Amino acid sequence: MMLTELTIAAAQAGLKRRDFSAVELVGAHVAAIERLNGRLNAFITVTADEAMDAARRADAVLAKGEAAPLTGIPLGIKDLFCTDGVRTTAASRMLEDFVPPYESTVTANLLRDGAVFAGKTNLDEFAMGSANINSAFGAVENPWKRDGDADTVLVPGGSSGGSAAAVAASLVMGATGTDTGGSIRQPASYCGIAGIKPTYGRCSRWGTIAFASSLDQAGPMARTVEDCAILLQSMAGFDPRDSTSVDCPVPDYRAACGRDLKGMKVGIPAEYRVAGMPADIEATWDKGIAWLRDAGCEIVEVSLPYTKYGLATYYIVAPAECSSNLARYDGVRFGRRVPAPSLDEQYEATRRAGFGAEVRRRILMGTYVLSAGYYDAYYLRAQKVRNLIRRDFERAFQQVDVLLTPTAPSPAFAQGEKMDDPVQMYLNDVFTVPASMAGVPAMSVPAGLSANGLPLGLQIIGRSFDEESVLAAASAIERAASFTHRPAIRAEVV
Amino acid sequence: MSYVIEGRTGPWELVVGLEVHAQVISQSKLFSGASASYGGEPNTHVSLVDAGFPGMLPVINRECVAQAIRTGLGLEARINLESRFDRKNYFYADLPTGYQISQFTHPIVGEGAVEIELADGSIRTIGITRLHLEQDAGKSMHDQDPTRSFIDLNRAGVALMEIVSEPDIRTPEEAGAYLRKLRMILRYLGTCDGNMEEGSMRADVNVSVRKAGEPFRTRCEIKNVNSIRYVMQAIEIEAARQVEIWESGGSVDQETRLFDPARGETRSLRSKEDAHDYRYFPDPDLLPLVVEEAWVESLASFLPELPDAKRQRFQTEYGIPRYDAGVLVAEQATADFYETVARGRDPRLAANWVIGDFFAALNRTGRTIQDSPITADGLGGMLDLITDGTINGKIAKEVFEDMLETGESAAAVVERRGLRQVTDTGAIDAAVQSVLAANQDKLAEYRAGKDKLFGFFVGQVMKAMAGKGNPALVNEALKKVL
């Protein structure tokens, strides 16, 4: 077996046994990046030399028998996490040359636990998008191909498309993502990997470039549920520098993966059976229900009546916050500046040159919904509906322990599709947005293939701070699905 | 007390409300650990949070919250146990994040009241609408370079309290009295230094005029007035402008104006077309600010005695007149000085000396209580010498001047200059005899019934004794002989 095929769990054990060195493990991945990133464009910045240095240090630590949980494990870091001394762009022209003098809490936690960063992964600009086509550094290619169609370039989903593609193609063993309305789960589904958005407040937002502060949440992406659990263990935890971070003990996530599901109640929300859902997705969902029933779960029909307003509400709340969060990119203190004779003209020129079309669109929408005369009709009403959505989930979780739904309404689509109409694009998030609005943890796990051979994910949604049940149910699906399909483009295929 | 603007169409009444921005005294800024101290080289007190770097998040400074609560308690106001921070969005070069974190809909402090005293002795209560916490912006400097502007972010993020009054103020004098009183309370509490010249206290003045009995008419807001005198002038000038507009058939536009003291006018700061839409919304980076009742109670229990209570106590405890008590409590340091002097002594004598000679000396020498060469204990020591008869009141003034100059104690001055009062009746009698002997003519006149000459003899005896004679004993000795 090639080193790039290993899971994090297996690599940890292999490193400890000195079956192979961290230099070998990281080197195999760096080589894969060098070979494939030109095509996939999964990384904006590759830090190969730094990664190899870190690998050598990891070997020294391993030799002393002092390995930390992630010592020597090569990871990709979504280029939304500020990394000390390493360019952090948010995939925007605005931050093209921005090198932060600080390390985000999440990445600092990973470094503390020995992780090796292979580079900064591509994303939709400022995490706004569902196909990773909105990057100033070019689109990311999904390593999967439709059956019998090696030419069509598929999107990896977004916004954490670079992370998803890199993990799927085995360029790294795992990656960080951020999820505001589905940006971890939807690309995980499109690329046939696992990804969890933990409870809002579980991972610190400090040092992560903000899109929509009340929704943004970091999480891991990896090829197995257990690997996600291992990464989340390091990423999560209270941070006094983030006022919305929650001081709540982080349980043993890896142990939760093996938990017995007997007696667990799984809710199937009626409202997610949307009209026109592709048959293969419906069938995968039904399989997931059956697997969980076989694992000893009790299946319960539940109702989340406000789900249908989720997407509309999201596209008011998130742009509103983004319009304010992105005001700091004004060309005055850091980032791109386009000089002009007056301050107002400098703002206009800088922001016109620095922001892409989708970012500008969301800033405009957000500014509009917060404006005098529209605030009550849009922003305030959206906040009220958001509370109702939250209550939907609270009510459902009085009856059940987790919810099971499809992750996305389609498999990966081709670059160029769904691009004319932004609303069509927004519909990709219809199943993922409600959990974001409620702040509850949710995970996508690969469950099967579509009719044309593309991965499909199922989503497990849990109670606030009960990532353990989510991981347990996802593991059960993973075991039952025994999803061993691999993408056409990957490290092992030369 | 009534203030009337006589227009062509009759009298107009003035309506004023004040929004005071008071910089909170704290070690660090409202949402970052950077130093909040005044001065410093430009951009040396700036954290990544203050500069709005990507991914930086605000964390509330508990001490600033405590200061706001103390101030609220000092204004006898309601403390809101749950309040919230909102973002006020606008673009400016000295506003790094593009929004100011403020409290728009849910301030930390609700309704309160401030009692003011006017020159004629009348007392009025001015209502407080609210007090909220917010961040200050940085400073734009447009005069450093012909083509460029510079930004200093030292002030960016420093905590401000915005204290909003009800439109209860009816005269410029009341506005002045309100600001002085507010500043006094803030200084007593130690929550704001109240220095308007340094900008740590600034006022936005809302002015309108109306005919008696009318509802409010449109107001104008005069921004950022930085002295009490200017506030009073600006109100007068703005009210006159508005009366002129109404009387010539026009109507006042609600707008923001600037006061130009050099030209003695207010002028429009921005037109309606440029009016900001601040797009306030709750800051999603911050949770609602929840304070515990017990904490508020503990802050209340450590609150210093405030000016009104202190003045009341001075009147009853020391038996000094209301006016004197008012003068003594105007500043905490003065009140403390007085209390040190008065402790265990005649409080009225103490008040007379502090308000009289001591204040006059400070004024004359341009010194403050803090750097006065005469300390409270020093002045007290001098009063002790008066009370125990070592010196008389006249010599005391001489001793005081000497102390002021040399910084020595009263006892040392008296010793060095031999100013001890003479109570030796033998010496007094001798002086009396020699004065009478030298003034036989006056003695004859006195004996012939010219009683008024008694004072002349007292003066001559004191003079002969270089002022050191005990006045009572001198009187007594003279009476006996005459």
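Mentor: Let's begin with one spot: in β10(A), the residue opposite A:Ile196 is A:Met443. This is a predicted model, in which local features need pLDDT of at least 70 and side-chain atom pairs count only at pLDDT 80 or more, while totals for chains, interfaces and linings use all residues. Residues are numbered from 1 along each chain as its sequence is written, and chains are lettered from A and ligands numbered from 1 in the order in which they are written.

Trainee: What makes β5 and β10 of chain A a pair?

Mentor: Strands are DSSP runs of E with at least two residues, helices are runs of H or I with at least four, and both are numbered from the N terminus. Two strands pair if DSSP finds at least two bridges between them. Strand β5 (residues 194-197) and strand β10 (residues 442-449) of chain A have three bridges, so they pair, and they do so in the antiparallel sense. In general, strands of a sheet pair through backbone hydrogen bonds, either parallel or antiparallel.

Trainee: What makes β1 and β2 of chain B a hairpin?

Mentor: β1 (residues 4-7) and β2 (residues 10-23) of chain B run antiparallel and share four bridges, with two residues between the strands. B:Gly7 has B:Gly10 as its bridge partner.

Trainee: How many residues of chains A and B are in contact?

Mentor: Contact means that C-beta atoms, placed from the backbone, lie within 7 Å. By that rule, 34 residues of chain A touch 24 of chain B. α10(A) gives the largest share of the chain A side, three residues.

Trainee: What classes make up that side of chain A?

Mentor: Ala, Val, Leu, Ile, Met, Phe, Trp, Tyr, Cys and Pro count as nonpolar, Asp, Glu, Lys and Arg as charged, and the others, Gly among them, as polar. The side has 17 nonpolar, 10 polar and seven charged residues.

Definitions and conventions:
Contact = placed C-beta atoms within 7 Å.
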